[in-house]
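Subject: Handing over a structure with its ligand

Hi there,

Here is the structure I promised to pass on to you.

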Amino acid sequence: MEVIIRPDADAVAATAMDFVGRLYARKADPVVGLATGKTPLKLYALMRASGLDFSRTRFFNLDELVGLGAADPKSFRRFLRDNLLDGLGAPDGNIRLLDGSLQDLEAEAEAYEAALKAAGGIDLQVLGLGRNGHIGFNEPGSSLGSRTRPKTLDRDTLADYGEGTPRFSITMGIGTILEARSLLMLATGEAKAEAVRRIAEGPLTSETPGSALQLHPRARLIVDEAAAARLARGDYWRWVWQNKWRVGQ
Ligand code: GLP
């Protein structure tokens, strides 16, 4: 995985936007996977303001809480509509978000995997990182080969979300995420520093689901200085970033 250390959250978003721009420069109809959470908000604001043509993009998302209707303010569908998708010019038929309000979640998971396949797979998957190292709602202990499925939330995750949050979710699996052609994980703030260290420098283990990025040939982890604070090889990554252009990447 490539670790890119930027000074602050604004610079993280700007660098992430740069990679999104590069994708659109070579593909007008990409398949993009979205993440919910506070971290990608600045990137989503830049995407909205970018002037890029999103009308041919097919959008998917990582995960959703169970039992919430699409209009519920806690639902991830609502969040993505409010913070990115509404006003982006993508037709509804191009947007496939996980529906956690359905009775048969196993069937929804299967249909979702089939839709991903029919779309030809994801070109770029945006990811956040849980404090416990989760990606999507793949909590510690999730199989590194897991597929889209219903998943019970960890107590740490519930504590982060606060009172009244459903205990169950439906999430793309780690195996599903790893099939995206490129991964763009964002992490900012000191609360994420330990999780960042574990996924970038710790062992590959289902105890740290984000460490699965170590298996991916095109995974970028963009962090601010606060989230990079515990990296042993931070200096190396700063050096790489400064010198990258010399090798033409
Ligand atoms: C949540 C979501 C993830 C998200 C992560 C980080 O639990 N399931 O998809 O990326 O935690 O959230 P935040 O960016 O708000 O820190």
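Which residue has a backbone N or O atom that lies 3.0 Å from a nitrogen atom of the ligand? That residue is G136, whose backbone provides the N or O atom in question. Please keep in mind as you read on that this is a predicted model.

The protein covers 89% of the 390 Å² of accessible area that the ligand has on its own. In T39, a side-chain N or O atom is 2.4 Å from an oxygen atom of the ligand. In D63, a side-chain N or O atom is 2.7 Å from one of the ligand's nitrogen atoms.

Stepping back to the whole shell, 14 residues surround the ligand, and the closest are K38, T39, D63, H134 and K192. Sorted by class, this shell has seven polar residues, four nonpolar ones and three charged ones.

The ligand takes up the space of the largest pocket, which has a volume of about 740 Å³. The lining of this pocket is made up of 30 residues, and those closest to its centre are T36, G37, K38, Y161 and K192. Helix 5 gives the most, with four residues. As for the classes in the lining of the largest pocket, you will find twelve polar, eleven nonpolar and seven charged residues.

Eleven residues line it, and F19, R22, R26, R218 and R220 lie nearest its centre. Helix 1 (residues 9-26) supplies the largest share of this lining, namely four residues. By class, the second largest pocket is lined by six charged, three nonpolar and two polar residues.

That is everything from my side, so over to you. Enjoy exploring it!

Best wishes

Key: Residues numbered from 1 in each chain as written. Predicted model: local features only at pLDDT ≥ 70, side-chain atom pairs only at ≥ 80, totals over all residues. Heavy atoms only, no water. Near = heavy atom within 4 Å. Polar contact = N/O pair within 3.5 Å; in protein donor to acceptor, adjacent residues only side chain to side chain. Areas by Shrake-Rupley, 256 points an atom, 1.4 Å probe, with all protein chains shown as cover. 1 Å grid on protein atoms, 1.4 Å probe; cavity = no way out; pocket = protein on both sides within 12 Å on 5 of 7 lines; lining within 4 Å. Sits in = over half its atoms within 2 Å of the grid points. Nonpolar A, V, L, I, M, F, W, Y, C, P; charged D, E, K, R; others polar. Points joined across faces, edges and corners; volume = space filled by probe spheres on them. Helix = DSSP H or I, 4+ residues; strand = E, 2+ residues; numbered from the N terminus.
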